[in-house]
Amino acid sequence: MFLLLDFLPFQPSPGLAIWSVVIFLIFWAIMAKVAFKPIAQALETRENDIQDALDSAKTAKEEMSNLKAENEKLLVVAREERSKMLKEAKNTKNQIIADAKDTAKGEASRIMTQANQDIQNQKKAAMMEVKNEVGAIALSIAEKVIKKELAGNAEQESFVNSLVKDINLN
Amino acid sequence: MSRNIYSALLIFAAILFSFPVISQDHNHDGHDHSGHNHDDHAGHDHASDQGEHGVSCGHGDEHHEYDPAATAIHHISDGNVLSIFDYPLPLPMILKSEAGLEMFMSSKFGAHFAGHENGEKSYNGYVLYEGSAHRVVDAGFPMTGSVDLGHGAFTHQVVNIDGKDKTLKYVCYENKPYKIDARTTLDGGMLGGGITSFWDLSPSKNVIAMLLVSLLLFFLFRGAAKKYKEDPLKAPSGVQGVLETLVVFIRDEVAIPFIGKGKYMKYFPFLLSIFFFVLGLNLFGQIPFFGSINATGNLTLTMVLALIVFILVNINGKKDYWQHIFWMPGVPGFVKPLLAGVEIMGLFIKPLTLMLRLAGNISAGHIAILSFIGLIFIFGDLYGTLGNGIGTVLAIPLTLFMMAIELIVAFVQAFVFAILTASYIGAAIEEHH
């Protein structure tokens with residue numbers, strides 16, 4: 001080290017020492033006050049601001065994702081509701097159709113039955129009429145025949161009538 | 001495109017850089033080198049046999065052969081003139097001797113363009129030799145007013161005193177040599193220096209460099225600070241952006257890791273001051289032709305900075321810090337005094353290394369550049385003009401390379417100084433739980 005100090009620029013000189021102390025201390029004092037402290041504080045302010053902005057962005061993002069999840073849930077519920085409603089409507093439709101069918105069937109069978117009965121009645125009435133007509137015709141025929149051959153044979157007339165009565169046209 | 005311009009500029013700068021030295025070299029031309037060499041050696045060898053001093057006047061230092069070591073040392077030393085392109089700009093002088101306090105401009109020494117920063121006049125007994133003020137101590141020299149000395153009035157002689165080589169410097173006046181005093185040094189006489197017949201308290205070229213760098217940094221940072229005050233939330237622009245990068249780097253890589261997030265604010269302005277002061281001066285010293293400033297390569301300045309760091313660290317030392325120095329907890333009793341010895345030594349070695357590292361690195365870079373430039377004259381001395389050419393071809397790429405390295409070193413050393421300061425402060429204020 002002594003060898004190093006033997007070297008001209010490495011020999012401590014009082015003038016430079018005094019000036020260096022003065023200049024550096026003034027430099028430090030002024031720069032700290034005018035520049036370094038305000039800059040350090042401004043940097044901190046800005047960084048805090050940026051951090052805040054980032055934080056609030058993160059919160060907003062979280063809120064957004066929460067909202068989205070909620071919406072999705074709602075959507076799912078709505079979808080379920082819709083399908084339920086659709087199903088119900090379908091059921092109702094089927095029910096209505098089935099009821100209508102049943103009612104129609106019942107009505108139809110009632111109408112059919114009525115019709116059948118009417119037909120039967122008509123048929124019976126017609127038969128009766130036909131029987132009477134046929135009986136009358138047969139009687140008149142027989143009368144004419146018998147008049148010709150057996151004028152006034154009461155026994156035979158009643159026999160013919162009984163025969164006619166027995167004829168049952170279904 | 002811009003890269004080409006930069007390389008062209010750099011080459012131009014390297015060529016220009018060598019000019020002052022070339023112009024100095026011209027003084028050698030026409031002299032018989034070998035003859036002087038013999039004279040010189042004879043003078044040194046038989047110093048004690050010859051006359052009062054054993055020094056002959058008639059030819060000054062300028063007639064010596066090119067001495068790379070002396071040139072380098074001259075260029076990295078502090079001085080009382082600021083040479084811009086070898087033109088010695090005068091600086092204020094403040095000198096104190098038993099004759100009283102004197103204040104004048106160094107233009108009174110009559111240094112000329114390309115005159116090796118040697119004055120051709122003396123003023124009130126002071127002369128300018130190799131850029132520094134010296135005082136004539138031998139009786140008979142006119143100690144008042146301005147005295148014309150003429151060109152090449154200085155000579156020096158190496159004598160052996162008690163087995164140690166010592167350089168004695170002389171000024172010739174009316175063909176008689178007068179011994180001139182060395183500069184005052186604060187080495188307490190350890191190195192053959194010490195308190196001399198005068199104190200040089202002048203704002204030397206390094207002081208001027210410090211003032212210029214401080215002012216430049218002040219204006220740059222004031223501009224940036226204004227922008228921050230106007231709107232701290234605005235994105236940085238211009239110079240502010242460059243400075244902010246460095247400020248944030250020092251905060252995040254130096255202050256916070258070593259001192260801690262909660263406590264760094266108190267020391268942050270100091271760390272920034274140290275970093276930018278050192279960086280500014282490191283870079284200022286890289287400017288060619290501007291006085292060959294070597295402020296951060298000067299041990300006095302680094303000593304002052306290290307001393308301020310030392311004081312700051314130790315007045316802020318907490319109880320734990322002192323306990324770890326004087327009575328290390330957690331080690332066996334008999335080790336405690338040993339460790340205390342080591343720790344107390346460490347207390348002083350820390351600022352000492354801080355001081356030597358910066359000065360050594362910056363001076364070494366300057367010496368390397370000067371040595372490469374010196375190749376031009378070493379080859380020139382050997383082979384004449386052809387040698388100058390060979391030397392130039394060698395010197396330009398080597399100097400360019402060295403200057404690039406020096407730019408890195410300027411940043412690295414400023415960073416290292418700041419980071420070590422932060423680590424010392426951090427260790428001093430750390431509290432163990």
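Trainee: What makes the two domains of chain B, and where do they lie?
Mentor: Chain B is divided into domain 1 (29-65 + 81-202) and domain 2 (207-429), and the bounds come from an automatic or database domain assignment. The contact between them takes 6 residues from domain 1 of chain B and 5 residues from domain 2 of chain B, where two residues are in contact if their C-beta atoms, placed from the backbone, lie within 7 Å. On the side of domain 1 of chain B that touches domain 2 of chain B there are 4 nonpolar residues, 1 polar and 1 charged; here Ala, Val, Leu, Ile, Met, Phe, Trp, Tyr, Cys and Pro count as nonpolar, Asp, Glu, Lys and Arg as charged, and the others, Gly among them, as polar.

Trainee: What should I keep in mind about the origin of these values?
Mentor: This is a predicted model, in which local features need pLDDT of at least 70 and side-chain atom pairs count only at pLDDT 80 or more, while totals for chains, interfaces and linings use all residues. Residues are numbered from 1 along each chain as its sequence is written, and chains are lettered from A and ligands numbered from 1 in the order in which they are written.

Trainee: Why are α3(B) and α9(B) called oblique to each other?
Mentor: Helix α3 (residues 68-76) of chain B and helix α9 (residues 335-429) of chain B pack at an angle of about 135°, with their axes 9 Å apart. Angles under 35 degrees count as roughly parallel, over 145 as roughly antiparallel, 65 to 115 as roughly perpendicular and the rest as oblique, and α3(B) and α9(B) are therefore oblique. Among the residues making the contact are His75(B) of α3(B) and Leu370(B) of α9(B), and the residues of this contact divide into 6 nonpolar, 6 polar and no charged.

Trainee: How do you know how many helices and strands chain B has?
Mentor: Helices (H or I, at least four residues) and strands (E, at least two) are DSSP runs, numbered from the N terminus, and on that basis chain B has 9 helices and 12 strands, whereas chain A has 3 helices and 0 strands.

Trainee: What makes a residue count as buried, and what share of each chain does?
Mentor: A residue is buried if 20 or more other C-beta atoms lie within 10 Å of its own, with C-beta atoms placed from the backbone. By that criterion 11% of the 170 residues of chain A count as buried, and for the 433 residues of chain B the value is 39%.

Notes:
A residue is buried if 20 or more other C-beta atoms lie within 10 Å of its own, exposed if 12 or fewer, and partly exposed in between; C-beta atoms are placed from the backbone. Axes are lines fitted to C-alpha atoms, for helices over the stretch in contact, and angles run from 0 to 180 degrees between N-to-C directions.
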